[in-house]
Amino acid sequence: RPSNALRRVQAPAPPTPGDGHMGQACSATVVQAEVVPPGNNEQSLPPAPRVPDAFVAGDCNAPPPPITTESFTISHKGNNSYSSSGSSSSGDSWRRRYTPRSELGRGVSAAVFEADASPDPVENPWSLLKGGMLPDPQVMCGTTSSGSCLRDSKRRVALKRFKRLRSRSFQTEKAALQRVGVHPNVVRLLESYEDMGGEDILVLEYCDGATVFEVQSAARKAGELLPELLAARLLRQVLLALEHVEACGVEHQDVKPENMLLYDVSVPEQRAELKLGDFGWAVASQQFPSNGLAAGLCPTDSPPVPEDGAGSLWYAPPELNPPVEQPGCTGVAIRTRTPRFSGRTDMWSVGVVAYVLLVGQNPFAAALEQTKDAVEGEVLRLVATGAYDRTCANWLALPNDARAFIEALLRTSPSTRLTASEALRHPFLVRRCARFPEAIRHRRPPSSDHAWARLDGFQHLCWLAVARAVTEPELMHEVVLAATRCATYYGTGPTSYLWHLAREICCIPTCTWLQSRGAFPEVLRLAFSYLDIDGDGVLSPKDLVSHMCPKDASGQNSAWASANGWVQHWGQHAEEDGCCSCAGLGPDAFRIALRSMPPEVLECDLPDGFEVITANGSFGKWDH
């Protein structure tokens with residue numbers, strides 16, 4: 001991260017972008033009947049559940065223990081990683097999977113590059129050349145029309161390459177992302193490579209719509225403000241991201257327009273999808289909040305604020321800034337720092353962002369009237385006293401509820417600021433976002449729940465892995481919206497979105513939820529690798545048991561019984577197709593499990609041109 005000097009000089013109003021396009025997110029935990037909270041280890045992925053070396057006979061008909069995604073293989077280390085083909089990877093394994101392109105942004109600790117996912121068609125079992133799930137556009141869409149119904153291009157990702165090996169920045173950011181999990185408004189971490197060819201790499205989802213900073217700057221140069229409705233939608237998405245981050249026990253500590261990535265942007269239509277990124281300043285407390293509304297003083301085990309402050313000068317709250325000189329009771333200047341208050345630190349930054357979007361300038365822009373050397377000290381003083389500009393014409397022209405919204409966030413006492421959940425219920429946002437689709441409550445059709453319940457545990461694992469490997473910019477917006485609504489409506493905790501997304505995509509043809517046809521082989525490869533704990537290219541019973549959460553010896557036996565049953569059942573299907581492995585389930589069995597649908601799904605109404613191939617037994621297959 002930047003030193004204090006570098007952190008403070010990038011500060012015109014609004015400041016120049018820093019580590020743009022550097023956000024990411026990570027894995028979450030999903031279960032069949034209950035939600036298991038993410039691990040509390042701040043430095044590395046929580047270890048996979050301990051698996052015994054031998055199966056102890058148990059009740060084969062007993063239901064399997066709850067499923068977890070905590071053990072998904074997202075992190076790879078130089079001394080213990082494997083390629084997609086199952087062989088031990090060399091130091092440049094990430095280079096064989098991804099081809100770096102143009103640079104997207106550069107900071108003190110890392111640089112971010114656009115990259116293509118380019119798996120070797122000879123080694124990659126998901127290659128379209130080998131007759132995978134998507135042999136051609138017409139078959140994929142189930143239509144006979146000419147031309148592709150989906151975009152046909154390579155998958156694009158963002159590679160964050162750290163300048164120093166095993167740096168604290170890499171460990172801090174990866175640990176925070178592992179704790180945050182998957183959310184539609186948080187940039188997703190797809191993979192991480194530690195000490196690979198002398199580099200540490202984070203593979204992130206790619207957003208192609210610039211940043212909020214760039215969109216706001218373009219409007220400012222044109223002498224305009226962002227449309228109020230668009231600003232409200234952006235603020236709502238930031239608050240949804242922070243509500244989730246807070247529920248995971250993490251504070252971002254660097255919320256600013258440069259770290260808000262966009263896709264599907266249309267300013268005239270007042271539409272944009274937002275992802276919060278760059279968790280390089282994030283901190284996580286050891287005490288995991290029991291719910292998203294939990295707030296209180298940061299526990300003593302939270303990392304202390306650096307002496308020179310944290311975050312970005314123009315957006316950091318008083319409690320993250322260096323102590324400032326304040327007059328004491330006896331007239332003697334004393335150095336004070338505002339105490340921290342869990343869950344409220346990022347809300348000050350949201351207030352500054354709201355001011356920038358609605359007023360068109362930083363609320364502490366008066367500091368620029370000082371000499372260059374005095375600007376930083378003046379900003380610190382204005383922030384410490386909460387003396388933001390309340391006299392400019394654009395501020396006075398704001399509606400009363402907009403001013404009240406900002407005032408409720410820009411309070412020097414952290415305990416008096418709105419929480420993310422409270423801010424989402426503020427009249428300013430409620431009135432402006434009520435008519436937009438994302439604000440409408442949604443109930444999932446009962447048929448979808450029934451279809452999901454008919455899938456077995458292995459199919460649940462497969463679809464959860466696919467939902468974890470795909471990203472929101474690659475999905476149809478309606479599918480993301482439906483999963484988000486369900487996660488909000490059913491309120492099953494901060495890990496529910498991934499579970500609901502898997503339910504949404506499992507029972508419909510691929511072309512109704514995937515925008516990019518070319519991305520799907522890489523999504524499948526990544527999903528399979530998440531489940532393949534030992535990286536040998538086969539899903540053994542031991543791999544599958546690692547993704548279950550038995551609570552006792554009886555549950556452990558049940559887990560092994562279920563895993564062996566899945567291997568036997570889906571291995572038989574793979575054997576019928578001429579591809580079987582005695583050691584476990586290979587990519588073909590994984591693919592067959594994804595394609596097999598229960599009868600009620602096959603009988604649902606299909607778009608014109610779709611056909612269904614019925615298989616023997618109680619299951620059939622989509623022809624997509």
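Visitor: What is the N to O distance where the side chains of Lys275 and Glu472 meet in a salt bridge?

Guide: This is a predicted model, in which local features need pLDDT of at least 70 and side-chain atom pairs count only at pLDDT 80 or more, while totals for chains, interfaces and linings use all residues. Residues are numbered from 1 along each chain as its sequence is written, and side-chain values use heavy atoms, with hydrogens and water left out. A salt bridge requires a side-chain nitrogen of Lys or Arg within 4 Å of a carboxyl oxygen of Asp or Glu. For Lys275 and Glu472, the N to O distance is 2.4 Å.

Visitor: How many residues apart are Lys275 and Glu472?

Guide: Helices (H or I, at least four residues) and strands (E, at least two) are DSSP runs, numbered from the N terminus. Lys275 belongs to strand β9 (residues 271–276), and Glu472 to the loop between α14 and α15. The pair therefore links distant parts of the chain, and the separation is 197 residues.

Visitor: Are Lys275 and Glu472 buried or exposed?

Guide: The scale is relative accessible area, computed with a 1.4 Å probe on protein chains only: under 20% is buried, over 50% exposed, and partly exposed in between. On that scale both Lys275 and Glu472 are buried.

Visitor: Which residue lies 9.4 Å from Pro473, C-alpha to C-alpha?

Guide: Pro473 sits in the loop between α14 (457–469) and α15 (477–490). With 16% relative accessibility, Pro473 counts as buried. The residue at 9.4 Å is 41 residues away along the chain: Leu514.

Visitor: How many residues apart in sequence are the parts that Glu191 and Arg525 tie together?

Guide: The closest N and O atoms of the salt bridge between Glu191 and Arg525 are 3.5 Å apart. Glu191 is part of strand β5 (residues 189–196) and Arg525 of helix α17 (residues 520–531), so the parts they tie together are separated in sequence by 334 residues.

Visitor: Which residues are linked with Glu191 and Arg525 in a network of salt bridges?

Guide: Glu191 and Arg525 are both buried. A search of the whole structure gives 25 salt bridges. In the network that includes Glu191 and Arg525, the other members are Arg97 and Glu522.

Visitor: Which helices hold the salt-bridge partners Asp401 and Arg432?

Guide: The side chains of Asp401 and Arg432 meet at 2.7 Å, N to O. Parts that are 31 residues apart in sequence are tied together by this pair, because Asp401 lies in α10 (residues 400–407) and Arg432 in α12 (residues 427–433). Both Asp401 and Arg432 are buried, and their helices are α10 and α12.

Visitor: What is the order of the strands in the open sheet of six strands?

Guide: Two strands count as paired if DSSP finds at least two bridges between them. The pairing in this open sheet is mixed, and its order is β1-β5-β6-β4-β3-β2.

Visitor: Which strands stand at the edges of the sheet?

Guide: An edge strand here has a single partner strand, so one side is left without a neighbour in the sheet. The strands in that position are β1 (75–77) and β2 (98–106).

Visitor: What is the bridge partner of Ala111 in β4?

Guide: Strand β3 (residues 110–117) pairs with strand β4 (residues 156–162) in the antiparallel sense, over seven bridges. In β4, the partner of Ala111 is Arg161.

Visitor: What is the angle between the planes of Tyr355 and Tyr388?

Guide: Rings of Phe, Tyr and Trp (its six-membered ring) pair if their centres lie within 6.5 Å; planes under 30 degrees apart are stacked, over 60 edge-to-face, and the rest tilted. The structure holds eleven aromatic pairs. Tyr355 and Tyr388 form an edge-to-face pair at 6.3 Å centre to centre, with an angle between the planes of 75°.

Visitor: How many disulfides are there?

Guide: A disulfide here is a pair of cysteine sulfur atoms within 2.5 Å. Among the cysteines, Cys433 is buried at 3% relative accessibility and Cys506 is buried at 1%. By the distance rule, the number of disulfides is zero.
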